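Subject: Structure handover

Hello,

Here is the structure I promised to pass on. Please open it first, then read my notes below.

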Amino acid sequence: MPGLSLLTLNIGSPSEERAHRQLAWLATRSEDVLVLTETRASDGCRHLAEAFRTAGYAVHYPKPAPNEYGVMIISRLATQLDPFPRLLSLLPNRVAGVLISTDRGLVRVLGTYVPSRDATAGRTERKRRWLSEFSTALGAGGLTEAGAETVLLGDLNVIEPDHDPAYSTFRWFEYDFYRGLTDRHALVDAFRHCNPDAVEYSWIGRTGDGYRYDHAHCSKELAAELVSCEYLHEPRITRLTDHSALTLRFSCAAGGDLNVGDAFEAASPPTLF
């Protein structure tokens with residue numbers, strides 16, 4: 001199907017064996033750009049990166065510091081690296097960015113894995129500070145300096161303020177960040193744009209409670225080009241990871257197709273097999 005298409009999936013810092021099973025599924029996907037979150041500097045993530053690189057894809061995999069997490073962007077289109085992460089001083093590898101050519105000009109793809117938190121003061125403050133710094137970067141020319149329209153997608157570890165059901169565990173600064181994506185930065189929630197009343201979850205807790213943690217937002221100009229945005233629950237149901245994927249498609253045409261092959265066939269067997 002023509003048009004620019006993207007998919008985001010939290011891969012849950014996989015072992016090499018689970019990464020190989022994820023690869024079997026990801027290699028069948030037709031999306032132009034894959035944004036994988038909760039990556040680490042690990043054998044599993046290296047396995048995914050090397051398989052797609054060997055198959056001819058453009059792979060942007062800024063390796064996180066030890067015991068930290070990041071984002072990997074895999075593209076069947078030619079990409080330019082985006083300088084946006086340099087605007088962050090705290091956990092800059094939680095964001096990865098590339099620029100892609102389309103018939104509308106450059107489109108900036110920002111993959112994001114927002115830090116999670118628990119009830120402790122330290123982790124709560126870390127998340128509050130990161131969200132504040134990220135929002136400031138978006139507003140300080142971060143969305144405009146490249147002259148590109150923007151797609152921001154990944155695991156935000158935040159739910160929408162009117163989430164169904166409502167949860168009392170989320171703090172004011174988390175909801176303020178989510179509202180600010182639209183009110184301050186003029187980004188459109190792609191899923192809500194296409195599905196105003198749908199109730200969907202991308203992560204299910206042990207108690208059976210559902211949360212829409214994984215999101216895609218885009219500039220208003222790109223929202224006019226949105227064809228579809230939907231969750232794919234197969235990765236979660238089949239236990240490739242504990243998150244569902246989110247896929248979206250725009251009608252604008254992308255350029256710079258790379259000559260890519262089957263990434264699963266290109267992969268070396270995992271060392272644990």
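Two strands pair if DSSP finds at least two bridges between them. Strands (E, at least two residues) and helices (H or I, at least four) are DSSP runs, numbered from the N terminus.

This is a predicted model, where local features need pLDDT of at least 70, side-chain atom pairs count only at pLDDT 80 or more, and totals for chains, interfaces and linings use all residues. Residues are numbered from 1 along each chain as its sequence is written, and side-chain values use heavy atoms, with hydrogens and water left out.

Start with the open sheet of six strands in the order 5-6-7-8-12-9. Its pairing is mixed. Strand 5 (80–81) and strand 9 (187–189) are at the edges. Each has a single partner strand, so one side of each is left without a neighbour in the sheet. Strand 7 and strand 8 (residues 149–155) run parallel, paired over seven bridges. T112 has G154 in strand 8 as its bridge partner.

Now look at the open sheet with the order 3-4-2-1-14-13. It has six strands and mixed pairing. Strand 3 (58–60) and strand 13 (226–232) are the edge strands, and each pairs on one side only. On average, neighbouring strands here are turned by 15 degrees against each other, direction ignored. Angles run from 0 to 180 degrees between N-to-C directions, and axes are lines fitted to C-alpha atoms, for helices over the stretch in contact.

Strand 2 (residues 33–39) and strand 4 (residues 70–75) are antiparallel partners over six bridges. There, T37 stands opposite V71. Helix 1 (residues 16–26) packs on the sheet. Helix 1 touches strand 1 (5–10), strand 2, strand 13 and strand 14 (245–250), where contact means heavy atoms within 4.5 Å. Its direction makes about 160 degrees with that of strand 1.

**Two loop details**

S13 lies in the loop between strand 1 and helix 1. Its phi is near 45 degrees, a positive value in a residue other than glycine. P165 lies in the loop between strand 8 and helix 4 (172–183). The peptide bond from D164 to P165 is cis, with omega near 5 degrees.

**Aromatic pairs**

There are 14 aromatic pairs. Rings of Phe, Tyr and Trp (its six-membered ring) pair if their centres lie within 6.5 Å; planes under 30 degrees apart count as stacked, over 60 as edge-to-face and the rest as tilted. Take Y69 and Y113: their ring centres are 6.0 Å apart and their planes at 85 degrees, so the pair is edge-to-face. This pair links distant parts of the chain, 44 residues apart. Y69 is in the loop between strand 3 and strand 4, and Y113 is in strand 7 (residues 105–113).

**Pockets**

A pocket, on a 1 Å grid over the protein atoms alone, is an open set of points where a 1.4 Å probe fits, with protein on both sides within 12 Å along at least five of seven lines; lining residues have an atom within 4 Å of a point. A volume is the space filled by probe spheres set on the points, which are joined across faces, edges and corners.

The largest pocket has a volume of about 430 Å³. It is lined by 18 residues, and S116, R117, N157, W203 and Y213 are the closest to its centre. The second largest pocket holds about 170 Å³. Its lining includes D164, R192 and Y201.

Best wishes
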